[in-house]
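Let us walk through this structure together, one region after another. Keep the sequence and the 3D view side by side as you read.

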Amino acid sequence: MQQKVRREVFAWFWVGLIFLLINGAVGQARVIPSESMKNTLLIGDHLIMSRLGFDAGIPFTDWHLSLWRHPKRQQIVIFRPVIRGESSDVIKRVIGLPGETVDVRDGGVWVNGTRLQENYTLGRPERPDPSQYLAGFEGKPNQFPYTVPQDCYFVMGDNRGNSLDSRYVGCIPRSHIIGAPVMIYMSLDGPSSAWESGDIGARAAAYFGALIHPSEIRWRRLFHIF
């Protein structure tokens, strides 16, 4: 009996270790709580995020290590927040790379003097008033045109009229970027409150509602690959 117990404990130890390895260095699940990436990503989209090459860390801790991959222009990335007091990861699209100059004017986004061609956006991009600046931009005068510092990235949401992004907070350090979405594995048309951090009751109700009413599942969005 003792030998059987030891085998069970040993087996579960390896299961737990493999889970921590996958969770910390390979992939994780994320859910979209806001409209900032609409129509590319909708509230209630459930994503598989790949951390391979971007970041490795110990799950349930703040310890992590940036790896060798660097985001490309117009790639969607997931990163740790830069605004004080916020803890939920953020998802945006990379617009400006280190050393490049980004400007927002004439209803478009310009990188190094050339207007960026974007067929994925919703709404018209506008420069924020400096009174709206937060994080790295807080307390500074108008920052545009903005030259992206080294080891930093300028990101924006696809929903240009409803996105708190680098126009307001400044660039995102490479050390904050932890991965990129790979696939939408589930998409539920539920209330936005269900996907906010910590509201477990509302989230459980949304999942139960989808079981009762399958029409709440956005079937056409399932298994979309990025």
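Leu 67 is in contact with Gly 53, Phe 54, Asp 55, Ala 56 and Arg 174, leaving aside its neighbours within four places in sequence; contact here means heavy atoms within 4.5 Å. You will find Leu 67 in the loop between β4 (64-66) and β5 (76-79). Its C-alpha atom and that of Asp 55 are separated by 5.2 Å, with the two residues 12 apart along the chain. Leu 67 is partly exposed, at a relative accessible area of 27%. On this scale, buried means under 20% relative accessible area, exposed means over 50%, and partly exposed is in between (1.4 Å probe, protein chains only).

A word on what you are viewing: this is a predicted model, in which local features need pLDDT of at least 70 and side-chain atom pairs count only at pLDDT 80 or more, while totals for chains, interfaces and linings use all residues. Residues are numbered from 1 along each chain as its sequence is written, and side-chain values use heavy atoms, with hydrogens and water left out.

Now step back to the whole chain. It has 3 helices and 14 strands; helices (H or I, at least four residues) and strands (E, at least two) are DSSP runs, numbered from the N terminus. Of its 226 residues, 42% count as buried. Among contacts between residues at least 6 apart in sequence, 63% join residues at least 24 apart. The accessible surface of the chain comes to about 12,600 Å², and 59% of it belongs to carbon and sulfur atoms; these areas come from the Shrake-Rupley method with a 1.4 Å probe, and for residues only the protein chains shown count as cover.

Next, look for an open sheet of 4 strands, ordered β9-β8-β7-β10 with antiparallel pairing. Strands of a sheet pair through backbone hydrogen bonds, either parallel or antiparallel. Here two strands pair if DSSP finds at least two bridges between them. The edges are β9 (114-115) and β10, each of which pairs on one side only. Strands β7 and β8 (residues 108-111) pair over 4 bridges, with Val 104 opposite Val 109 in β8. In the hairpin of β7 and β8, 2 residues lie between the strands, and Asp 106 takes a positive phi near 55 degrees. Finally, 2 bridges join β7 (residues 101-105) to β10 (residues 146-147), where Val 102 stands opposite Tyr 146.

What about the interior? The largest nonpolar core has 16 residues, of which Ile 95, Phe 144, Tyr 146, Val 148 and Phe 154 touch the most other members. A nonpolar core is a set of buried Ala, Val, Leu, Ile, Met, Phe, Trp, Tyr and Cys residues joined through side-chain atoms within 4.5 Å. Strands β7, β8 and β11 (152-156) each supply at least two residues of this core, and β11 gives the most, with 3 residues. A second, separate core has 12 residues, including Tyr 153, Tyr 168, Ile 172 and Ala 180.

Leaving aside neighbours within four places in sequence, its contacts include Val 102, Val 104, Tyr 133, Phe 137 and Phe 154. The peptide bond from Phe 144 to Pro 145 is cis, with omega near -5 degrees, and Pro 145 has its place in the loop between β9 and β10. Ala 135 is also found in the loop between β9 and β10. Although not a glycine, Ala 135 has a positive phi of about 50 degrees.

End the tour at helix α3 (residues 200-212). Its 13 residues reach 19 Å from first C-alpha to last, close to the 18 Å expected at 1.5 Å a residue; the expected span is 1.5 Å times one less than the number of residues. Within α3, Ala 206, Gly 209 and Ala 210 are buried. They cover an arc of only 100 degrees around the axis, which puts them on the same side of α3; the arc is that of the directions from the helix axis to the C-beta atoms. On the other side of α3, Ile 200, Gly 201, Phe 208 and Leu 211 are exposed.
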